[in-house]
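Keep the view open and follow along.

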Amino acid sequence: MREVYAAGVGITSFTRLDYPLSEIAAYSGMMAMKDSGLTQADHLYVANMGGCRLNHQSGLASAVVDTLSLCPAGAELIENGPASGASAIKQGYMAVASGLHDVVMVIGAERMREVNNLDATDFVATLSHPLAEYIYGVTLPSLAAMFTRLYMEKYGVTSRHLAMVAIKNQDNALLNPFAHLHQKITMEGIMDSEDAMTNNPYVSEPLRFFDCCPISDGGACLILASADVMKKIKKPMVRLAGVGQATDSHAVHERENPTDLLAVRKAAQESLKMAGIKPSDVNVAELHDAFTILEIAESEEVGFFKKGEGHRALERGETKIGGKIPINTSGGLKGKGHPVGATGVGQAHEIVLQLRGEAKKRQVKDARVGFTCNFGGFGNNVVCLTFVREN
Amino acid sequence: MAIELERILRPTDTPMAPYQPKYMTVASGEAMVIRQAARDEIPALLPHVEPLIHVDRDFYDIVAARLYAELLGYYKYRVQDEYVLVAQINGELAAIVNGRRVTADVGMSYHTLALRRGLRLGAHAFAAKMEYHFEGLGQKEVLIVAESPIGFKRWMIEYKLEKRFETPHELGGVPSWALTKEIYDKAKESLVVGKRPVPVEFLEKANEAILPPSDPPKPPADLVAARRSKYDPTGYFTN
């Protein structure tokens, strides 16, 4: 297996983008080409979940490869729910590591705001079990709410801990010009004041409005290259050192312990083991906080904190920029946004910037090891990536 | 002669109860005052609305253009029984809403313009507008249309409005929806907030001057840049 490097990264604003899905995808690709200086790729993987359903666009990879004038490079679409982005990176990794290709472009893109929020919520809910969950009206917010309720009872997590995640990640998003949400929120405004319940109403109790990520459009790109190609690129050597993936039961209620995210645990262990890294070695992480509770739970499953102690670390400020292990410096899904197919690539984009030292106001000092967790389904298909800066 | 002509052109306003100012804490933790804007304050509002006419995003352009005209119509006495409410945070303009009394029973909602995003300020301002129609003017229903998907989601779905498609709305040929007193009463507890009286220092600050919004949606330099700026607010790709 050959070493695989992050040669270039690009991203669009995660926001409402009233443009064709293929253009959103291609723009992030152009940004990454400029970043790397590369003008060609051997292969293109495009991660997307809803093009057919939301945008009447099939064959997205074929459209994007032509839009970027990369023909006759091969092009394929990767769909793995909200983990599509990291799954596509995994495919790109294998293509370069195996020697099949030297330069692979991985793009994630989604255009969800073409439909209203009810339709978008329904679209995401199609990843739940069709007969055991979906037909009973289960949506991702409701699954997350049930998960949160159990977590609260078992570990003492409170609504204030969830709000602390939201406030932290929206603060980080203020430092990221590509983030969807650029508004400062406070505990007074969303929890403590008399008007807080109207500012921050329940979406699916106990989850409130500011516990849920926004519905976003956006694209992100990561160009992966072999060591030989990387030598010609004037960028710090950031290596994709570990890739892990694991699955869990489709229906959440079939899990022996629904508060255990076993796929996160296993995918993280695989990824870190492959990279030869311990959780305590990680300097910066992007975790899949589609709901605030997930950042807390994933931070434990990944091994940053003991099970049931993630919220205590949050209280101590350990996950803030400047803390022991800064989490979601980009703003995360909560603040940066969650265009589902683009999210995993967007997480990698942030980590590559951090390891290069290019994250500007949100830069984590001396970051050399970065980690991403891209969470598909409700934890039934998870892909984790570990990046290491070499020089 | 000019005065005679003006008398003909100028509608006679019906006496309307003034909107009683209120204040609330918004998600940022700041206090926001919502109060009625006097006619002579309209020139102070216009410079903050005009730039948004050029923001081709989330329908800011059409809402700002129409609101600008409605504000002028109010200022120059060309619309009967119009009112304007402003929302201010530390004096800073945060939202504008306006509408009109059509009859004793029916109100006409015009526009809602939020100048800070993501804190549900527009929702608070819209709720204040409905509060004025039902509790200030004692009306039975308000006719509403939406010009943006966000507006549609917020008003038609969040409030569960009734269809009044057979009734034209003054903003154009789009179907009207109605917020009835019954719907308002159901929504009031969860959507209409605010306390009265407003502390003197808050009200004085609001009345002292309408300060410019600190972070309004900004118009791009040109149309090509408009498209690019949505993708890349840093200008990285084009520089």
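Val238(A) has Arg389(A) of strand E11(A) as its bridge partner. The model is predicted, so local features need pLDDT of at least 70 and side-chain atom pairs count only at pLDDT 80 or more, while totals for chains, interfaces and linings use all residues. Residues are numbered from 1 along each chain as its sequence is written, and chains are lettered from A and ligands numbered from 1 in the order in which they are written.

Strands E8(A) and E11(A) pair in the antiparallel sense over 9 bridges; pairing requires that DSSP finds at least two bridges between two strands. Helices (H or I, at least four residues) and strands (E, at least two) are DSSP runs, numbered from the N terminus. Because 8 of its 10 residues are buried, E8(A) is largely enclosed by the rest of the structure. Buried here means 20 or more other C-beta atoms within 10 Å of a residue's own, exposed means 12 or fewer, and partly exposed lies in between, with C-beta atoms placed from the backbone.

What packs against E8(A)? The buried residues of H11(A) do, and they also pack against H12, E10 and E11 of chain A. Among these buried residues are Ala263(A), Arg265(A) and Leu272(A). The 14 residues of H11(A) should span 20 Å at 1.5 Å a residue, and the end C-alpha atoms are 20 Å apart, which agrees; the expected span is 1.5 Å times one less than the number of residues. After H11(A) comes Gly276(A), with a positive phi near 70°.

Now to a pair of helices. The axes of H4(A) and H15(A) come within 5 Å and cross at roughly 60°, and the two helices are therefore oblique to each other. Residues making this contact (C-beta atoms, placed from the backbone, within 7 Å) include Ala88(A) and Ile89(A) of H4(A) and Val345(A) and Ala348(A) of H15(A).

Over in chain B, Gln80(B) sits in the loop between helix H3 and strand E3. Here are some values for this residue.

| Item | Value |
|---|---|
| Other C-beta atoms around Gln80(B) | 15 within 10 Å |
| C-alpha separation of Gln80(B) and Glu201(B) | 33 Å |

Gln80(B) is partly exposed. Leaving aside neighbours within four places in sequence, Gln80(B) is in contact with Pro11(B) and Asp13(B).

Definitions and conventions
Two residues are in contact if their C-beta atoms, placed from the backbone, lie within 7 Å. Axes are lines fitted to C-alpha atoms, for helices over the stretch in contact, and angles run from 0 to 180 degrees between N-to-C directions. Angles under 35 degrees count as roughly parallel, over 145 as roughly antiparallel, 65 to 115 as roughly perpendicular and the rest as oblique.
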